[in-house]
Amino acid sequence: MRWQGGRRGGNIDDRRGMGGGVAAGGGIGVLVLAAIGYFVFGIDPSTTQQVASQFGGVGASERGAQGSPQDQAGAFVDVIGTNVDDVWKTKLEGYEPPTVVIYEQGTSTGCGFGQSAMGPFYCPSDKRVYLDLSFWQQLETDLGASSADFARAYVIAHEYGHHVQTLMGTSQQVRQAQQRAASEAEANQYSVALELQADCYAGVWAANAAAVSNGAVALDAGDLEEGMRTAAAIGDDTMQRRQGGRVVPEGFTHGSSAQRMEWLRRGYESGDPATCDTFTAL
């Protein structure tokens, strides 16, 4: 994937090195696999149990020097996020970019305390995307996702998709529908539709990335397949099997591997957010 020549918007709140690890109660490590298995891509921390407010900089490092791998990771997030913003400015009238918070282990958010065990997430209360970049390694080594740049960009674009849903009122409508749902399984269906739509929106971004950047940000041959590999790795059915359980579709909250791949591809092939109506099948 090409991105090095892309525009940087600077809409980044870099909190790396500021501390935020859990100081007591077993730490984050034991939570990672189970939590990522449930929360990957899109959890709002206000819907989870709040952790203790006493925390320190366990394992925190300083911001990377210019040219370091850490600085390159921050630059990647900035370039991709800026490009996603540029695409949505052409697709959604009045689009307002979110702020992206890069943090380590844990940080305060408008939705409560967020931690890396949740995976990347979007907080609708403060309209910010939260990323602990150590997630990339866990996504690849623990979950079998692709390490390609586009696979990582897909994660970012998915979270921006949740921002678009908030701006359009979709997320609010889903929460209201879930409150009226007759069962947890019915409420989960709305969660699945919301997540699959964010996958589709990520595909819409990918299809339009080159057009808004004069080719500075663009997919290369094979990139879409790497994104599909990641989508397959984080499907609910795949995650349930990985955790040693049986597949329970009623418990899905993000969609099966096949569904996630389908909607990512559908968004990419159309390049049009109007094709991302995942709710009609409910």
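Leaving aside its neighbours within four places in sequence, with which residues is Ser257 in contact? They are Ala231, Ala232, Gly235, Asp236, Asp237 and Thr238, where contact means heavy atoms within 4.5 Å. The model is predicted, so local features need pLDDT of at least 70 and side-chain atom pairs count only at pLDDT 80 or more, while totals for chains, interfaces and linings use all residues. Residues are numbered from 1 along each chain as its sequence is written, and side-chain values use heavy atoms, with hydrogens and water left out.

Ser257 is placed in helix 9; helices (H or I, at least four residues) and strands (E, at least two) are DSSP runs numbered from the N terminus. Ser257 has a relative accessible area of 8% and is therefore buried; buried means under 20%, exposed over 50% and partly exposed in between (1.4 Å probe, protein chains only). Helix 9 is also among the elements that cover the buried residues of helix 7, which include Ala231.

Two disulfides (cysteine sulfur atoms within 2.5 Å) are found in a search of the whole structure.

| Disulfide | S to S | S-S torsion |
|---|---|---|
| Cys111 to Cys123 | 2.0 Å | about 95° |
| Cys200 to Cys276 | 2.0 Å | about -75° |

Because of its torsion, the disulfide of Cys111 and Cys123 is right-handed, whereas that of Cys200 and Cys276 is left-handed. Cys200 lies in helix 6 and Cys276 in the segment after helix 9, so this pair ties together parts 76 residues apart in sequence. Cys200 is buried at 0% relative accessibility, and Cys276 is buried at 1%.
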